[in-house]
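I am opening my notebook to write down, step by step, what I looked up in this structure.

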Protein chains: 4
Amino acid sequence: MSLARRSPERLSTFSDGVFAVLITVLVLELRPPEVATFKALLALWPTWLSYAVSYLFIAIVWANHHHLMRYATEATPRLMWFNFAHLFSVSLLPLSTAWMATSELAPQPVSFYAAVFFLVNATYISLVHELIDRAHVDDVSRRERRIMRFRSIVTLCVFGAAALVALKFPLIGLGMCICCLIVYLKPEAPGAGT
Amino acid sequence: MSLARRSPERLSTFSDGVFAVLITVLVLELRPPEVATFKALLALWPTWLSYAVSYLFIAIVWANHHHLMRYATEATPRLMWFNFAHLFSVSLLPLSTAWMATSELAPQPVSFYAAVFFLVNATYISLVHELIDRAHVDDVSRRERRIMRFRSIVTLCVFGAAALVALKFPLIGLGMCICCLIVYLKPEAPGAGT
Amino acid sequence: MSLARRSPERLSTFSDGVFAVLITVLVLELRPPEVATFKALLALWPTWLSYAVSYLFIAIVWANHHHLMRYATEATPRLMWFNFAHLFSVSLLPLSTAWMATSELAPQPVSFYAAVFFLVNATYISLVHELIDRAHVDDVSRRERRIMRFRSIVTLCVFGAAALVALKFPLIGLGMCICCLIVYLKPEAPGAGT
Amino acid sequence: MSLARRSPERLSTFSDGVFAVLITVLVLELRPPEVATFKALLALWPTWLSYAVSYLFIAIVWANHHHLMRYATEATPRLMWFNFAHLFSVSLLPLSTAWMATSELAPQPVSFYAAVFFLVNATYISLVHELIDRAHVDDVSRRERRIMRFRSIVTLCVFGAAALVALKFPLIGLGMCICCLIVYLKPEAPGAGT
């Protein structure tokens, strides 16, 4: 067929559009306080905090998505559907962050929050599998791949454990989530001197 | 005229922007429950379900749109207007899904839902006609074209029938819609060994 | 300076993003009716109508913007600011359409509506001036240019007159607006056999 | 590694998506007045004014962002995170503008407004540092760089001072902000004959 190959560019454009909407969804919730004082502004702290945290974590997810999509050479149907699943789980982040903040870190909302990150991580692993594990060896060194796989599985287990721990000790569960996210601040496989 | 040809890229960028907004419209409806329990979260199931279903079906429509636009070589006025009509009918999906869910599958909302899919399919057929039926024979095999045309007409009839059937038996009407969508999970013409 | 020239691509991407949000703003207003009957759906007709009309007219504006931007070779500061002014006036369309519909075509909302289109047209003329009148003669024939300038000035005057007429006879004012829009259905200069 | 270099294009696409959403966030607030008179429309002036002002200032920020990103040759992690910080501070503009307008220029909202611009400017300086100060000398003349650095530091100080002054004299504080923004209307370093 003389058709142009299915370039991954439109997949990126679409994903960027979805990320752009998601990262700003919570800004729609920010309403100017009715009284013109800083105190009134600070009284809205759960909304502020949840916006900032949700923004930061979606930024981390975008950075990792951006890093991964560089390996894409073709928008295969599998890649497309894994990407849709990933974006879907990311779209639950603003809601779950807001619920956690408004409930002031109650056990079940924190557990739900960890569960959403479990989903985000699981769908990210399927993207890693599709894009990196299938790539030729000379593109990604064996060592880098092993590190990325190891990191994914460990963080997935920690997010799962955090969802359970949070039911009893929400603060510890939240701390476990934050630790995992710090690991992803740098999208490259750690120790694999790019 | 020494002008650059009307490249279909901006048409894709614009469409992707619209799809990105539409696929996340219902996420704006998802509000954290006021009580911090899983039970309160589950009580919102109609909103949840309609978000998930609407997301999935818009994803299917996007995948087919993406597949089709690969055949575009020029943004002709006809293509542009067929595309606008397609995006318009897609934009009714979140609303109709939400109505179906909140009415707990009442006859008339399900019928309206099937009617919206009838529209989405009809405008998709006009895009197929514009992009594939007019393409040169060596791009798309005669067999593939025949299969795509056959699939379109059958699903269009089924959606139309579903809109009528749903007025009496909403569950059967909904089932008919879902069957048609499964057929479109793979955008390529089935049986046309790409 | 060895910098890449200021390509107009990012201007287009940004404009497409704004258009995509604007064209779907009114879909956010569409709420599923509380009763599960077609009658309840039809009772929302002002919202429906204003969404459909606003969608159609923004689509026309996009088509003309898309046509014009093909002439852009560089994102000059002037072009950027004319484009911002154009997008700003387009962003008032959903609101003014909704106001006209909910007031059931009262004189002042229709007049406001015509005034917004006057603005959209005026900023469009400044884009035409920037992109076409300054282009080299061999790109755009003298005849085409004369036709485009003539069309712009006539429609601008009609929109202005419509804003005044609507204060007394809203239906006639609305009719005048619709006539002008029909003229822009085909972005190319009419009679200038592309 | 045979991977494609991390092109800055996706960074621009994503940023444009975020800007497009932010610039139209306040248009979602514009509601048609309930009475069909111009008087009712004018009574909503704080919302109108804050939309227009916020639109204009985000447009200025976009123009400067667009100008700066032309210097980007690679989407390094540092650039990505500075960009996220910049977009975050820009996302606070609509809210702070609306608060200033609804409070009718009360001291503390104006001070908050100046503080947000302080943040926008500080993150912009980090982008300038990353993109221009690190560029090779032959790309950006030493003189141009000195002017850009000087302009940034001066406006940053003025925004900071404005946040303090506004607590006593809100109108003067607002005037100081507007002066700084005028300086950025032309993204190029002033006096550095491009």
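Before the first entry I need one term: a pocket is an open set of grid points with protein on both sides within 12 Å along at least five of seven lines, and its lining residues have an atom within 4 Å of a point. I also keep in mind that this is a predicted model.

**Entry on a pocket**

I looked up the second largest pocket, which holds about 690 Å³ of space and is lined by 35 residues. Those that lie nearest its centre are B:Leu28, B:Glu29, C:Leu28, C:Glu29 and C:Arg31. I then noted which elements give two or more residues to this lining, and they are α3 (45-69) and α5 (93-102) of chain B together with α5 (93-102) of chain C. The most comes from α5(B), with 4 residues. When I sorted the lining by class, I found 22 nonpolar, 5 polar and 8 charged residues.

**Entry on aromatic pairs**

My search of the whole structure gave 56 aromatic pairs over all chains. One of them is A:Phe14 with A:Phe84, an edge-to-face pair at 5.7 Å centre to centre with 70° between the planes. Because A:Phe14 lies in helix α1 of chain A and A:Phe84 in helix α4 of chain A, this pair ties together parts that are 70 residues apart in sequence. I checked the accessibility as well, and both A:Phe14 and A:Phe84 are buried.

I next looked at A:Trp62 and D:Phe84, which are also edge-to-face, at 5.6 Å centre to centre and 90° between the planes. This pair crosses between chains, from helix α3 of chain A to helix α4 of chain D, and both A:Trp62 and D:Phe84 are buried.

**Entry on salt bridges**

I counted 8 salt bridges over all chains. In one of them the side chains of D:Arg10 and A:Asp16 meet at 2.7 Å, N to O, and the pair crosses from helix α1 of chain D to helix α1 of chain A. D:Arg10 and A:Asp16 are both buried.

I also noted A:Arg78 and A:Glu130, whose side chains meet in a salt bridge of 2.9 Å, N to O. A:Arg78 lies in helix α4 of chain A and A:Glu130 in helix α6 of chain A, so the pair ties together parts that are 52 residues apart in sequence.

Are these two partners buried or exposed? A:Arg78 has a relative accessible area of 40%, so I wrote it down as partly exposed, whereas A:Glu130 has 8% and therefore counts as buried, since the cut-off for buried is under 20%.

Terms used:
Residues numbered from 1 in each chain as written. Chains lettered and ligands numbered in written order. Predicted model: local features only at pLDDT ≥ 70, side-chain atom pairs only at ≥ 80, totals over all residues. Heavy atoms only, no water. 1 Å grid on protein atoms, 1.4 Å probe; cavity = no way out; pocket = protein on both sides within 12 Å on 5 of 7 lines; lining within 4 Å. Points joined across faces, edges and corners; volume = space filled by probe spheres on them. Nonpolar A, V, L, I, M, F, W, Y, C, P; charged D, E, K, R; others polar. Phe/Tyr/Trp six-rings, centres within 6.5 Å; stacked < 30°, edge-to-face > 60°. Buried < 20%, exposed > 50% of the residue type's maximum accessible area, 1.4 Å probe, protein only. Salt bridge = Lys/Arg side-chain N within 4 Å of Asp/Glu carboxyl O.
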